[in-house]
Structure formats: structure tokens, C-alpha cells
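Colleague: I would like to learn how to read a model like this one, feature by feature. Could we take each idea in general terms and then turn to the case at hand?

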Amino acid sequence: MIALYVIIGVVVVLLIVLWFLYNGLVRLRNQVKNAWAQIDVQLKRRHDLIPNLVETVKGYMKFERETLEAVTKARNIALQASSAGAGERAKVEGELSSALSRLLAVVERYPDLKANQNFLALQEELTSTENKISFSRQFYNDSVLRYNNQTQMVPSNIVAGMFSFKAGEFFEVTLAAEKEAPKVSFTQ
Amino acid sequence: MILIGYFLGLAFDSAVAGLVIAILLWVILSLVAYFQGDSILLGMSRAKKIRPDDHPRLFNVVEEMKIASGLEKMPDIYIIDDPALNAFATGRDPNRASVAITSGLLQKLNRDELQGVMAHEISHVKNRDVLLMAMCSVLLGTIVLLAYYGSRFLFLGGRTGSRRSSSSGGGGGAQLIILVVALVFIILAPIFAQLIYFAISRKREYLADASSALYTRYPEGLASALEKLAASTEQLKSANQATAPMYIVNPFRKKGLKASDLTSTHPPISERVRILRAMAGASFNNYDQAYRQVRGGKGVIPAASLTAETVPIATIKLEGEAGEANDIERTRDTSDVMWRLSNYKTITCDCGARLRVPPNFKEPQIKCPHCGRTHQV
């Protein structure tokens, strides 16, 4: 009789532990999902800003057709990859970043542009969007790290294995692209 | 309030009733402060809520920090029309938070510095410091009240006791020792409670600084903002003692006074700057090391928050010094916002003059006093 109670007790305790571990994992996984949605929002925002930017800049920059085309092309590629995984997206978005930075580097040659109110507002939006992308990436990577740690550490790795919690993918921008991240300074 | 309790106690001819009433009052006031504190505070400081297009830069910076901290809801943003340099956060939980900044500070700070300050405020929200400090001040108030009434009991009890002992003529020595111990305790308890309150507040400031560095990955931003804050000693008109821990710097600091003593809600600014500048990376670990290096002794970050991961300081700031609005432009931006928030209309004349049209101006046209052109209102 006592043995039965002990067995029931142990099973109940195990179930409670399982319950907590499972909920913890779900919470972390949702945080990762949420953080990913944040990056997505900001990347979309950047995609939306670029046609505006190109339109505003076009009239002033007669001799930079190639640079402008490169930005538009990189944007279209990034747009097509918008349902891909984190690794693939990081790559194409990195290319878009460097195309943008090349465009913004030549802006400095056009003083008229720097006096344009519309452009100044765009500059603030673009600066902020670039910041938001990097901050949301920062938060996403932190969340992925926490989640992955939890899925790999004893004892929650057992629960993760039982309910197939897969490891999250980091959003890494390659070092070269990071160095080239748009320098959104238009004046000297 | 203590006085109210005292007189009520006199009216009921019983100190116990007074004590109960005073503590009840205190609890009610604290509850009001907890649930309505943010709107009272914002209303008292005549803070004005802004929309995204009122001041895009400020709004964007706060949103960036909201993202970096992983806060779920965007806090409300307020501007206080005051030349003093300060900023604060309020709101009892992360979903009902507000941050406020004075117009003086908004003019003074460049983008990186603004980001550092807003990250500090957002981390007060994220770390639930508003709630913590409210709880601490309730506790502090209760201890002060208890000590006050304790002293009254002792005084009355002492009198009756001495009468009794003189009639019975024994046990006076033991009673005296108890009396002295109780007296010392009653005098020291509120002082210690207060010191602990200040110590907690200072600790939360360090933690908010560390979080600011972690969120922005750029401790220099906050450090240079703090330097600018230290240079000004203009006092904020609307601050009060109870809310002091929520500000970025102590709103009551005085010129020449080194506020490093035990009775300050904030650590000295120069020390905060030195710690931030001594950081080798942007993680809590780095802040803890820098803290020990500057101050010596134990670290300041709770051990549970320390992780081994390395977080590099951002070397490339996206907003360069070049594209940055300068002092004059920032001043102009900020004053435009303040006029707009008071429902003034701004018309820029072709001659460069700016006309501010008050909300009660009813004429359909206005003439520029500088060049004489007429404008439609």
C-alpha cells in the first residue's frame, strides 16, 4: 500500500517537473518567434522606405544610375527572399545594406540634396530603421541563445527531445557586411 | 499625515487609534500613488504627451530602445517644458509605462546620448523599479510611523512605570535598560530604514546604467549624456522626494555638493561616468568589473544576472557625427514641438521669419511684422 503511494507520489512529482520544463521551453520558443517577427517588421519597413529614397534622390543624382540600380536590385532580391530562413535572409539583407551604404556615401557629393526637407525626414527614418534592425537582431540572437541553451541543457533537453523542440537559427550578418553597414551620414 | 494621526489619536484619547489611523492613511496614499502615481506625476509636471510626428527623432529613439530591451508595449512619451536637464520613467508595470524628458535635455543631447538616457529609463521600466521603489517607500513610511508612535508609548509608559516603581520601590534598573535599548532602537530604526531605501535606490541606478550599456551596446553615449547633465545644476520645478529615484540624475542635487553621501537616491554622476568609461565590453559582467575597478569591493549586479557571454561594444555607430542635427537645429526642433503642443500654429514667411499664431487668433490673415507679406492662417 505504502509502495503504491510512493509510486503515485513520484509520478506526480515527475509530471509536475515535466509540466514546468515544457512550459519554460514553450515560453522561450515564443519569445524567439516574437523577436523574429520584430526583425521582419523592420526589414519590411526598410523595403518600403527604399523606393521613396530612390525617388527623392533620383532627381538630384544624374550620374549615379548604377548605384541606384544596385540598391533597387538588392531590394528586389531581399523582397523575394522574405519567406526564407534566418541564415538566407541575413545574407541578402546584408547585401542590401552594403548597396545602401554605397548610395549614401555618394550623397555627400550633392549639397542640394542635403537641403531637401523630404530627404532629411527620410534620413531620420532610414537611420532609425537601420538601428531598429540591428537592435531587433540583437534581441533575437539573445533570445535564440537562451532558447538553444535550454533545449541542450540537462534536464530540459529530454523534454525538448520528447516534444521535438528544434534549435533556433541565429541571424548573423557576415563580418564584411557588418563593416559596410550603411553609414547614414549625408553631410560632412 | 503623522500630525493628522496624532490629533485623531488625541481626539480618541488613545495612541493606538492614532497609530491605526495613520497607518491606514499611509496605505491608502501608497495605493493611490501606485495606481494613479504616473498620471499624478505627469500631470503635476505639466508633461505633454507627444505623437510620433511631433518629434520623430525622440519617438524613434524610444522605439529603438523598446525593441532592444524586448519590451512588449511601446511606452508613452512625454515632454516637460523646463530648461532643467532631466528625464524619468514611470508606470507600475511594463505594459503601462511612460517616459518623460525635459525640453532642456532634449535640446542638449545628440542622438547617441539620447539613446543612452532613454535606455536607462526603459530599463527602469523593464526592471520594475517603479514598483520596487513604491514598495520600499511604503515600508519606510510604516517604519517611521511605528517608531514615532513607539516613542509616544514609551514616553507615556515610562511615566506610568516610574510612578509605579517609585510606589513599589523595586526593579527600576532592569526597566531602565529596556527603556534605553528601546529608545536607541526607536531613534535608529527610521534612520537605518531611510539609509537602506537610499542604498536600494542607488543600486537600481547602477543596474539601469548597466542595462543601458547592454541595450545600446555603447556605454559612451550615456557617459557623455551624464557629463552634460552634471554640468547643469538647474533644478526641476516639478520634482518631489518620493519620485526622485525614477529620474536619471537626482533632481535635488545642489551645486558644489558632492552627492556621494549615504543620503542620496543617486550615485555621484562623476562615478557613474567613470564606471561606464571603464567598461571593456557591453555586458553586465563588464559593468560589474568596471564597478569593482572604480569603487573597489563587491560588484553591484545581482549574481543571477551575470552571464559568461561576451558582448562587444558597437564600434560602428550608424548615425555619424556628420549627419547629426547640431545644437541650433535641435533647439529649433524642440521649440517647434513645444509651440505645437500648446496649439500654436507656425508659419514660416518667405523672408525667413517664423510667425507663431496663438490658438485664439481668429483673423483669417496675418501680416508678417518683418517684411509685411500677408499669410493665410
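Modeller: Let us begin with burial, for which a residue is called buried if 20 or more other C-beta atoms lie within 10 Å of its own, exposed if 12 or fewer, and partly exposed in between. Please keep in mind throughout that this is a predicted model. B:Arg128 has 15 C-beta neighbours inside 10 Å and therefore counts as partly exposed.

Colleague: Where in chain B is B:Arg128 found, and what is its phi near?

Modeller: B:Arg128 is found in the loop between α5 (111-126) and α6 (129-168) of chain B, and its phi is near 55 degrees, a positive value in a residue other than glycine.

Colleague: What share of each chain counts as buried?

Modeller: In chain A, 32% of the 188 residues count as buried, and in chain B, 36% of the 377 residues do.

Colleague: Let us move to overall form. How many helices and strands does chain A have, and how many are there in chain B?

Modeller: Chain A has seven helices and zero strands, whereas chain B has eleven helices and eight strands. The radius of gyration of chain A is 24 Å, well over the 16 Å that the globule rule gives for 188 residues, so chain A is more spread out than a compact globule. The C-alpha trace of chain A spans about 90 × 25 × 25 Å along its principal axes.

Colleague: How are the helices α1(A) and α5(A) oriented to each other, parallel or antiparallel?

Modeller: For such a question one looks at the angle between the N-to-C directions, and angles over 145 degrees count as roughly antiparallel. The axes of α1 (residues 2-58) and α5 (residues 117-152) of chain A come within 8 Å and cross at roughly 160 degrees, and α1(A) and α5(A) are therefore roughly antiparallel to each other. By class, their contact has 17 nonpolar, twelve polar and seven charged residues.

Colleague: At what angle do α1(A) and α2(A) pack, and which residues make the contact?

Modeller: α1(A) packs with helix α2 (residues 65-80) of chain A at about 165 degrees, the axes being 10 Å apart, and that makes α1(A) roughly antiparallel to α2(A). On the α1(A) side the contact is made by A:His47, A:Ile50, A:Val54 and A:Lys58, and on the α2(A) side the residues include A:Leu68, A:Val71 and A:Arg75. The crossing of α1(A) and α2(A) is left-handed.

Colleague: Finally, which peptide bond is cis?

Modeller: The bond from A:Val154 to A:Pro155 is cis, with omega near 5 degrees, and A:Pro155 has its place in the loop between α5 and α6 (156-162) of chain A.

Methods:
Residues are numbered from 1 along each chain as its sequence is written. Chains are lettered from A and ligands numbered from 1 in the order in which they are written. This is a predicted model: local features need pLDDT of at least 70, side-chain atom pairs count only at pLDDT 80 or more; totals for chains, interfaces and linings use all residues. Axes are lines fitted to C-alpha atoms, for helices over the stretch in contact, and angles run from 0 to 180 degrees between N-to-C directions. Helices (H or I, at least four residues) and strands (E, at least two) are DSSP runs, numbered from the N terminus. Angles under 35 degrees count as roughly parallel, over 145 as roughly antiparallel, 65 to 115 as roughly perpendicular and the rest as oblique. Ala, Val, Leu, Ile, Met, Phe, Trp, Tyr, Cys and Pro count as nonpolar, Asp, Glu, Lys and Arg as charged, and the others, Gly among them, as polar. A crossing is left-handed if the near helix is turned anticlockwise from the far one by less than a right angle, and right-handed if clockwise. Two residues are in contact if their C-beta atoms, placed from the backbone, lie within 7 Å. The radius of gyration is taken over C-alpha atoms; the globule rule is 2.2 Å times the number of residues to the power 0.38.
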